[in-house]
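Please look through the sequence and the model displayed here before turning to the briefing below.

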Amino acid sequence: MLSIIAVLIRIISNSLSNVFQKRLTKHGMNPLAVNFYTYTGLSILCLSLVNKLPLITNEIFINATAGGFFGAAGNYYLIKSLRNGDLSILGPINAYKSLVAMFFAIFLAGEIPSAAGVLGIFLLITGSYIIFNTTEEGFSLKLLKRKDIKYRIYALIFTAIEAVFIKNVITNSNILTSFILWCFSGTLFAFILLFIYKIKLPKPDKFSLALLCSVILSAGIMQFSTNFVFERMNVSYALALFQLSAVLNVILGWKIFREKDLIKKLAGSIIMVIGSVVIIIFK
């Protein structure tokens with residue numbers, strides 16, 4: 001029951017975080033600044049918990065550092081994609097995580113997709129066809145030239161890799177340790193990205209500050225609930241359940257940002273979620 005509640009909290013907080021991130025970038029804040037402020041805010045909140053950290057072994061440190069790198073990069077590309085893209089289109093793309101995992105399993109582990117895996121791929125493509133046909137480019141290779149789509153795919157890959165390192169930290173410590181180290185290492189790499197791209201941090205106005213606080217709160221709840229689920233469930237199964245946020249993203253995109261073609265996008269996202277679950281659960 002606790003795991004189910006944590007999954008629901010994670011789904012809702014993830015979608016809300018996407019909404020707040022999109023509103024911040026539409027208000028004019030650079031995605032790198034949003035990324036840095038988010039991790040920094042969470043790190044400040046974690047300072048009072050530092051005394052609860054256990055002895056950090058080399059294995060924990062390496063996995064936490066790697067997780068921080070891929071997490072910061074993934075969050076940056078996610079925010080960057082949301083700046084110009086539709087939430088109702090970018091959200092369902094996350095269902096392709098399962099296909100990415102299957103692709104790497106074929107070449108790195110020699111795993112040949114089962115009949116269920118092939119069915120899952122068919123469902124993903126069918127759902128994608130329905131959703132992407134609502135765009136000007138349609139379901140074609142031209143769609144991959146759109147920056148918001150490319151950035152969302154980058155975010156998908158980075159966060160999928162991040163999940164593995166987070167799970168390793170949890171296995172060798174606990175969810176609180178993993179969360180604190182994720183915040184600290186994410187802040188470090190978010191700052192490095194700021195430095196590389198020479199982005200100056202803007203002073204938030206009252207509206208931006210309120211949105212930033214909302215992003216920090218929702219992102220913190222999202223990540224902690226993610227860790228809670230990872231501690232009790234196989235990562236691949238958890239990622240399959242998390243895909244349900246795609247449906248919520250479509251609804252929020254329609255309701256908040258007045259994005260069109262609700263019925264088509266809902267139908268496509270549900271089909272994609274089913275395909276993702278089929279690939280992961282019945283692989």
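The points that follow cover confidence, fold, dimensions, packing and surface.

This is a predicted model, with an average pLDDT of 88 for the protein. Its secondary structure comes to 12 helices and 0 strands, and 53% of its 283 residues are buried.

**Confidence**
- A pLDDT of at least 70 is reached by 93% of the residues.
- Confidence is lowest in helix α5, which covers residues 97-108 and has a mean of 65, whereas it is highest in helix α2, residues 31-46, at 96.

**Fold and dimensions**
- Read from the N terminus on, the elements run α-α-α-α-α-α-α-α-α-α-α-α, in keeping with the count of 12 helices and 0 strands.
- The radius of gyration of the protein is 18 Å, and this agrees with a compact globule because a globule with 283 residues would have a value near 19 Å.
- The C-alpha trace spans about 50 × 45 × 35 Å along its principal axes.

**Packing**
- Of the contacts between residues at least 6 apart in sequence, 86% join residues that are at least 24 apart.
- Buried residues, taken as those under 20% relative accessible area, make up 53% of the 283 residues.

**Surface and charge**
- The protein exposes about 13,900 Å², and carbon and sulfur atoms supply 70% of that area.
- There are 26 positive and 11 negative side chains in the protein, and the centres of these two sets lie 6 Å apart.

Note on methods. Residues numbered from 1 in each chain as written. Predicted model: local features only at pLDDT ≥ 70, side-chain atom pairs only at ≥ 80, totals over all residues. Heavy atoms only, no water. Helix = DSSP H or I, 4+ residues; strand = E, 2+ residues; numbered from the N terminus. Rg over C-alpha atoms; globule rule 2.2 N^0.38 Å. Buried < 20%, exposed > 50% of the residue type's maximum accessible area, 1.4 Å probe, protein only. Contact = heavy atoms within 4.5 Å. Areas by Shrake-Rupley, 256 points an atom, 1.4 Å probe, with all protein chains shown as cover. Lys, Arg positive; Asp, Glu negative; His and termini not counted. Charge placed at Lys NZ, Arg CZ, Asp CG, Glu CD. pLDDT = per-residue confidence, 0-100.
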